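Please read the following points with the sequence and the model side by side. They are written for a reader who is new to structural terms.

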Amino acid sequence: MNTLLKFSGKDLQDITMDEWLEQKPEALRPLATKWFSIIQQCGSDVQSIFHDNYPIGCVCDAPFAYVNIYTSHVNLGFFHGAALYDKTGLLEGSGKHMRHIKLKPGVNYDDKAILTLVELAYADIKERLVK
């Protein structure tokens, strides 16, 4: 049986998005803000949390997507990304479950394809929650 990962209580960090962004490279903040906002807008049941020092979108405490800022790029990650249909080949990673997209400022991306992956990840976690 696969147990669904959930974050609550002591797993959560008391950090605001603004506090987190202040500590990150200014050039990368707009990318992270844009995509995390899209994660949050997937549905009224999306909870925004901080765990491991980055923002995560959850449904019923189960994470489905996150953003994290590194030195020169932003990761838009998916907790069950290996299960997502990625027809454009945007997802990177070789782990058992997680995948991510590396986003860099000044690079044109297929926003529609990325949005589709975010929406698929949201639908996927909702389906996993009812199983």
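1. Aspartate 61 has a relative accessible area of 28% and is therefore partly exposed; buried means under 20%, exposed over 50%, and partly exposed in between, with a 1.4 Å probe and protein chains only. This residue is placed in the loop between S2 and strand S3 (62–69). Helices (H or I, at least four residues) and strands (E, at least two) are DSSP runs, numbered from the N terminus. The phi of aspartate 61 is near 70 degrees, which is a positive value in a residue other than glycine.

2. The model is predicted: local features need pLDDT of at least 70, side-chain atom pairs count only at pLDDT 80 or more, and totals for chains, interfaces and linings use all residues. Residues are numbered from 1 along each chain as its sequence is written, and side-chain values use heavy atoms, with hydrogens and water left out.

3. Most residues other than glycine have a negative phi. Asparagine 53 lies in the loop between strand S1 (46–51) and strand S2 (54–59), and its relative accessible area of 43% makes it partly exposed.

4. Is histidine 80 buried or exposed? Its relative accessible area is 16%, so histidine 80 is buried. The residue sits in the loop between strand S4 (74–78) and strand S5 (99–103). With neighbours within four places in sequence left aside, histidine 80 is in contact (heavy atoms within 4.5 Å) with Leu4, Pro63, His97, Asp124, Ile125 and Arg128.

5. The axes of helix H2 (residues 29–40) and H3 come within 10 Å and cross at roughly 40 degrees; axes are lines fitted to C-alpha atoms, for helices over the stretch in contact, and angles run from 0 to 180 degrees between N-to-C directions. H2 is therefore oblique to H3, because angles under 35 degrees count as roughly parallel, over 145 as roughly antiparallel, 65 to 115 as roughly perpendicular and the rest as oblique. Lys34, Trp35, Ile38 and Ile39 of H2 meet Asp111, Ile114, Leu115 and Val118 of H3 in this contact.

6. Lysine 112 belongs to helix H3 (residues 111–130) and counts as exposed, at 67% relative accessibility.

7. How many disulfides are there? With a disulfide taken as a pair of cysteine sulfur atoms within 2.5 Å, the count is zero. Cysteine 42 is in none, as the nearest cysteine sulfur, that of cysteine 58, is 12 Å away.
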